Amino acid sequence: YPCAALLALPRKMLLPKAAALLLERVWSKRASGTVHVSLSERVALYRSPGFECWVRLLEGDFPDWRQVIPDDAGTNAGRVSAPEMAAAIRVLLPLAKDTSRTITVHVEAETLRLSARNLDGDRGEQSVPWEALLPEAETLRTGLNGVFTLDAIADFDAWEVRFRQVLGPIRLRPIDGPAEALRVIMPVRLE
């Protein structure tokens, strides 16, 4: 939604995801109109005709988003089907019982090999087709939080995924979606 002015805030604040989804759902049903935003120390008030929403803001030191989102350069890049990847992660999540719900990802020439292991040594593995975009792609092994990854890929059917290095941010861009639907997942350190 267009903003009439940029706000100069004394602190960095973040709108919680649940509140952002609620506001998007409400405003997407309205064809036009003005949204008034009021900010206090820890709360934002969103108001339009027939709707008012108070939201507690998250406060903290957040990095500049331009420094976090990786550019087009990457160690490995490819396309993956979200439904196939989600199905593989759901099979493995019961085994990923550590606190970070870690799924290990092995990026290979034509396949993403996903695996998980629990503390008792039980292990599972799933493969997902991967269409490599770089001719000289490197094999890569990294870790992802399975729950966060499911959340990130849920909105679109296919994603372009760029891995930079083992512990670098992973960029996801929907293949048939708007450019602003970009997602970034931070990897989990593997033992």
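Residue classes are used below as follows: Ala, Val, Leu, Ile, Met, Phe, Trp, Tyr, Cys and Pro count as nonpolar, Asp, Glu, Lys and Arg as charged, and the others, Gly among them, as polar.

## Basis of the report

This is a predicted model, in which local features need pLDDT of at least 70 and side-chain atom pairs count only at pLDDT 80 or more, while totals for chains, interfaces and linings use all residues. Residues are numbered from 1 along each chain as its sequence is written, and side-chain values use heavy atoms, with hydrogens and water left out.

## Overall composition

The protein contains 4 helices and 14 strands. Helices (H or I, at least four residues) and strands (E, at least two) are DSSP runs, numbered from the N terminus. Of the 191 residues in the protein, 35% are buried. Buried means under 20% relative accessible area, exposed over 50%, and partly exposed in between, with a 1.4 Å probe and protein chains only.

Contact means heavy atoms within 4.5 Å. Among contacts between residues at least 6 apart in sequence, 57% join residues at least 24 apart.

## Helix α1

Helix α1 covers residues 17–28. The expected span of a helix is 1.5 Å times one less than its number of residues. For the 12 residues of α1 this gives 16 Å, which agrees with the 16 Å between its end C-alpha atoms.

Ala19, Leu23, Val26 and Trp27 are the buried residues of α1. Seen down the axis, they fall within an arc of 90°, so they line one face of the helix. The arc is that of the directions from the helix axis to the C-beta atoms. An α-helix has 3.6 residues a turn, so residues three or four places apart point the same way. The buried residues of α1 pack against β3 (43–48) and β4 (51–56), whereas Ala18 and Ser28, on the other side of the helix, are exposed.

## Helix α4 and its surroundings

In α4 (146–153), the buried residues are Gly146, Thr149, Leu150, Ala152 and Ile153. They cover an arc of only 165° around the axis, which puts them on the same side of α4. Their cover includes α3, β7, β11 (140–145), β12, β13 and β14 (183–185).

Glycine 146 has a relative accessible area of 0% and, leaving aside neighbours within four places in sequence, is in contact with Ile89, Leu93, Arg101 and Ile103. The C-alpha atoms of glycine 146 and arginine 90 are 8.1 Å apart, although 56 residues separate them along the chain. Isoleucine 153 is buried at 3%; with the neighbours within four places again set aside, isoleucine 153 is in contact with Ala82, Met85, Ala86, Trp159 and Leu172. Alanine 86 belongs to helix α3 and is buried, with a relative accessible area of 8%. Not counting residues up to four places away in sequence, alanine 86 touches Leu150 and Ile153. From C-alpha to C-alpha, alanine 86 lies 7.7 Å from isoleucine 153 and 8.3 Å from threonine 149.

Valine 107 lies in strand β7 (residues 102–107) and is buried, with a relative accessible area of 0%. Not counting residues up to four places away in sequence, valine 107 touches Asn76, Leu112, Trp130, Glu138, Thr139, Leu140 and Phe163. The C-alpha atoms of valine 107 and arginine 141 are separated by 6.3 Å, with the two residues 34 apart along the chain.

Arginine 101 is placed in the loop between α3 (82–92) and β7, and is partly exposed, with a relative accessible area of 25%. The phi of arginine 101 is near 50°, a positive value in a residue other than glycine. Most residues other than glycine have a negative phi.

A cavity is a set of points, on a 1 Å grid over the protein atoms alone, where a 1.4 Å probe fits but cannot get out; lining residues have an atom within 4 Å of a point. Grid points are joined across faces, edges and corners, and a volume is the space filled by probe spheres set on the points. By this rule there is 1 cavity of 30 Å³ or more, and the largest cavity holds about 60 Å³ of space.

The lining of the largest cavity consists of Met85, Leu112, Leu144, Thr149, Ile153, Val161, Phe163, Ile170, Leu172 and Ile185. The elements that give two or more residues to this lining are α4, β12 (158–163) and β13 (170–174). By class, the lining residues divide into 9 nonpolar, 1 polar and no charged.

How values were computed
1 Å grid on protein atoms, 1.4 Å probe; cavity = no way out; pocket = protein on both sides within 12 Å on 5 of 7 lines; lining within 4 Å.
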